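Let's walk through this model together, one site at a time. Have the sequence and the 3D view side by side as you read.

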Amino acid sequence: MHKLFFKKKFDQYFLKDQNIAKKIVNHLSFENYNTVVEVGPGLGILTQYLLINPYHHVFFIEIDKQLISFLKKKFLISNNKIIHNDFLKWNPEEIKLHNFAIIGNFPYKISSQILFHILKYNQYIPECIGMFQKEVAKRITSHKGKKTYGILSVLIQTFYDAKYLFTVKKKVFFPVPNVESAVISLKRKNETIYCDKNVLFKCVKTAFNQRRKKLKNSLQLFKYVPNFNKIPFLNKRAEELSVKEFIQLTREIEIKLGNDYSIIERKFVSQRNKK
Ligand code: SAH
């Protein structure tokens with residue numbers, strides 16, 4: 001492999017194992033979609049398998065210009081299919097993509113931001129197959145009562161069924177990273193989630209920022225703490241609440257808030273300023 005291609009600032013750890021690459025791509029279900037967006041194709045180990053089926057539309061988003069020209073030459077990808085951009089700044093609406101899966105061996109430094117970006121556009125993204133640092137993959141797929149259960153677990157699992165697929169050893173990458181990796185799948189839930197994303201995010205973050213406290217105390221930040229008769233689990237801690245209970249809690253806060261979202265915004269600004 002040529003030295004030219006390895007850049008630490010872009011978190012580049014290239015997968016070398018063809019069988020693992022094939023296995024990752026084969027997890028795409030293509031149920032109700034035929035477009036895939038690959039984040040950070042790198043030297044194209046997943047790309048080659050994504051391009052096999054001529055009926056699938058594949059787009060690529062890569063931040064490294066040098067890799068873009070390499071990939072264009074290697075796979076003869078047309079200019080409109082390979083996007084030179086930071087995924088975190090990419091808006092699928094710009095190219096009128098409204099139903100696509102995401103796949104990638106993601107840059108680990110920005111794992112959380114990538115997940116939040118997926119959540120931002122979840123209405124367009126029915127599925128995601130992705131490789132993360134093992135510890136992050138565990139957190140995303142964790143359940144209540146476990147140490148690893150936290151903000152990411154609840155927010156992702158509100159919208160997606162999250163499944164830990166398999167662990168990937170360090171030695172199958174070049175260069176060899178310090179951490180183990182794991183592949184997970186996210187499949188969007190069929191049911192509609194009747195709660196405001198903004199309020200949910202803030203409620204979950206507030207509860208987990210003080211995860212040792214009972215909800216009735218940690219949620220004091222909101223002017224409208226729900227009534228006990230409506231939400232009987234206010235004596236529990238964030239880590240003891242299921243995803244469903246978080247949704248229920250959010251709805252109750254929403255009802256109390258009415259149209260007064262500014263209260264939530266104000267509280268959060270003041271919370272941030274205190275830190
Ligand atoms: N998929 C390849 C490369 C994984 S390394 C493989 O499996 O071998 C991570 C890749 O993400 C690199 O190609 C890196 O240049 C790219 N990348 C890093 N940050 C990015 C960002 N913000 N947006 C898009 N691509 C990014």
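In which strand is the place of threonine 35? Threonine 35 belongs to strand β2, residues 35-39; helices (H or I, at least four residues) and strands (E, at least two) are DSSP runs, numbered from the N terminus. Before going further, please keep in mind that this is a predicted model, in which local features need pLDDT of at least 70, side-chain atom pairs count only at pLDDT 80 or more, and totals for chains, interfaces and linings use all residues. Residues are numbered from 1 along each chain as its sequence is written, and side-chain values use heavy atoms, with hydrogens and water left out.

Threonine 35 counts as buried because its relative accessibility is 8%; buried means under 20% relative accessible area, exposed over 50%, partly exposed in between (1.4 Å probe, protein chains only). Not counting residues up to four places away in sequence, threonine 35 touches His57, Phe59, Leu97, Asn99, Phe100 and Ala101, where contact means heavy atoms within 4.5 Å.

Glutamate 127 lies in strand β6, residues 127-133, and is buried, with a relative accessible area of 2%. A polar atom of its side chain lies 2.9 Å from the backbone nitrogen of serine 29.

Now turn to the ligand. Of the 22 residues around the ligand, Gln12, Gly40, Glu62, Asp86 and Asn105 come nearest (a residue is near if one of its heavy atoms lies within 4 Å). A polar backbone atom of glycine 40 is 2.9 Å from a nitrogen atom of the ligand, while a polar side-chain atom of aspartate 86 lies 2.8 Å from a ligand nitrogen atom. On asparagine 105, a polar side-chain atom lies 2.3 Å from an oxygen atom of the ligand. The protein covers 97% of the 570 Å² of accessible area that the ligand has on its own (Shrake-Rupley method, 1.4 Å probe). The elements that give two or more residues to the shell around the ligand are β1 (14-15) and β3 (57-62).

Finally, look at helix α6, residues 151-159, which is mostly covered, with 8 of its 9 residues buried. Those buried residues are Leu152, Ser153, Val154, Leu155, Ile156, Gln157, Thr158 and Phe159. They pack against α4 (111-120), α5 (134-140), β7 (160-168), β9 (181-188), α7 (197-209) and α9 (243-257).

Terms used: A polar contact is a pair of N or O atoms within 3.5 Å; within protein, one must be able to donate a hydrogen and the other to accept it, and residues adjacent in sequence count only if both atoms are side-chain atoms.
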